[in-house]
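Subject: The structure I promised you

Hi,

Have a look at it first, then read on.

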Amino acid sequence: MNTPSLPICPKCRQTDQIQKVTSAYGLNTKEWYETRTSTDSDGNSHSYQERHEAHTQLGLRLKPPQKPASPTHPGLWYAVGGLVVFALASVLCPIAFVPLSFILPLLGGSAFIPDIAGMPAWVITLFVVGLPTLCFILLGLGLLVWLGSKVKKRFDSDMKKYRDKKAVFERDELPRWQRAKERWEQMYFCMRDETVFIPAENKAIKADDMEKYLYDPQFRS
Ligand SMILES: [Zn+2]
């Protein structure tokens with residue numbers, strides 16, 4: 001069977017102005033590399049390649065459908081948050097230890113406190129300093145455990161949302177884009193009427209409505 005090399009435009013019924021959209025897009029898109037030179041502080045010059053892409057008006061109208069962005073794993077945000085907390089803690093904790101540097105000399109001084117009611121000074125010191133410290137440590141630990149469980153709960157619900165989003169992305173959004181991209185690859189453009197069409201569907205669509213038609217084969221412009 002001998003198939004014609006170019007399909008007939010559904011609007012003007014001719015083939016002379018037909019171009020495949022992929023090649024029309026390629027012809028109307030220019031990609032080039034520019035060599036740039038920079039000079040560093042030692043006076044050495046370095047050159048690097050910079051990528052540029054430019055479209056003509058037509059190239060922009062015939063652009064392929066953009067690949068949708070995949071949802072971000074929440075672990076990334078928690079890692080960033082953890083880093084911030086760690087940085088803050090490493091600044092704030094030394095500050096928290098400053099009062100201790102005032103208390104410690106007092107501890108040494110307590111050796112000179114006379115025994116009260118027959119109790120040696122170190123027992124008193126233990127009660128006066130040790131008990132509150134223990135309390136604070138226990139309170140701090142409790143707070144950490146409580147915070148940890150809150151963060152864990154939040155993380156679990158974020159993970160669930162992420163998995164749901166990812167499932168939707170993989171089940172709907174990505175295949176939807178893949179289908180649109182495949183349709184784009186089968187598409188032709190008629191320069192006379194500025195319409196695009198897929199030969200098997202034989203529907204003339206305005207070039208400006210191309211993307212809508214790629215995603216929705218029922219679309220009519
Ligand atoms: Zn035509």
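Before the strands come up: two strands count as paired here if DSSP finds at least two bridges between them. By that rule S2 (residues 29–39) and S3 (residues 45–55) clearly qualify, with eleven bridges joining them in the antiparallel sense. Please keep in mind that this is a predicted model.

**Overall build**

The protein chain has five helices and six strands. Read from the N terminus, the order is β-α-β-β-α-α-α-β-β-β-α. The C-alpha trace spans about 115 × 55 × 30 Å along its principal axes. The radius of gyration is 35 Å, whereas a compact globule of 221 residues would be near 17 Å. Burial is 10% of the 221 residues. Looking at contacts with a separation of 6 or more, 56% of them link residues 24 or more positions apart.

How many of the eleven residues of S2 are buried? The number is zero, so S2 lies largely in the open.

**The four-stranded sheet**

There is also an open sheet of four strands, ordered S1-S4-S5-S6 and paired antiparallel. S1 and S6 (205–206) are its edge strands, each pairing on one side only.

**The core**

Val-196 turns up again in the largest nonpolar core, which has 19 residues; together with Val-21, Tyr-188 and Phe-189, Val-196 touches the most other members. The elements that give two or more residues to this core are H1 (21–27), H4, S4, S5 and H5 (210–215). Leaving aside neighbours within four places in sequence, Val-21 is in contact with Leu-62, Trp-184, Met-187, Tyr-188, Phe-189 and Val-196.

**Helix H4**

H4 gives residues to that core, yet H4 is hardly covered: of its 65 residues, two are buried. Where does H4 bend? The bend is at Phe-169 and comes to about 40 degrees.

Met-119 counts as exposed because it has 11 C-beta neighbours inside 10 Å, and the cut-off for exposed is 12 or fewer. Met-119 and Leu-27 are 92 residues apart along the chain, and their C-alpha atoms are separated by 95 Å.

**The segment before S1**

Arg-13 lies in the segment before S1 (18–20) and has a phi near 60 degrees, positive although the residue is not a glycine. Arg-13 has 7 C-beta neighbours inside 10 Å and therefore counts as exposed.

Gln-14 lies in that segment before S1 too. Is Gln-14 exposed or partly exposed? With 13 C-beta neighbours inside 10 Å, Gln-14 counts as partly exposed. Gln-14 touches Ile-8 and Cys-9, not counting residues up to four places away in sequence. Gln-14 and Arg-192 are 178 residues apart in sequence, while their C-alpha atoms are 9.5 Å apart in space.

**The S4–S5 loop**

Glu-194 is in the loop between S4 (188–190) and S5 (195–197). Glu-194 is not a glycine either, but has a positive phi of about 55 degrees. With 15 C-beta neighbours inside 10 Å, Glu-194 counts as partly exposed.

**Where I'd begin looking**

I'd open the model at Val-21 and its contacts, Trp-184 and Tyr-188 among them. From there, follow H4 to the bend at Phe-169, and finish with the S2–S3 pair and its eleven bridges.

Cheers

Terms used: Residues are numbered from 1 along each chain as its sequence is written. This is a predicted model: local features need pLDDT of at least 70, side-chain atom pairs count only at pLDDT 80 or more; totals for chains, interfaces and linings use all residues. A residue is buried if 20 or more other C-beta atoms lie within 10 Å of its own, exposed if 12 or fewer, and partly exposed in between; C-beta atoms are placed from the backbone. The radius of gyration is taken over C-alpha atoms; the globule rule is 2.2 Å times the number of residues to the power 0.38. Two residues are in contact if their C-beta atoms, placed from the backbone, lie within 7 Å. A nonpolar core is a set of buried Ala, Val, Leu, Ile, Met, Phe, Trp, Tyr and Cys residues joined through C-beta atoms within 7 Å. The bend at a residue is the angle between axes fitted to the seven residues ending there and the seven starting there.
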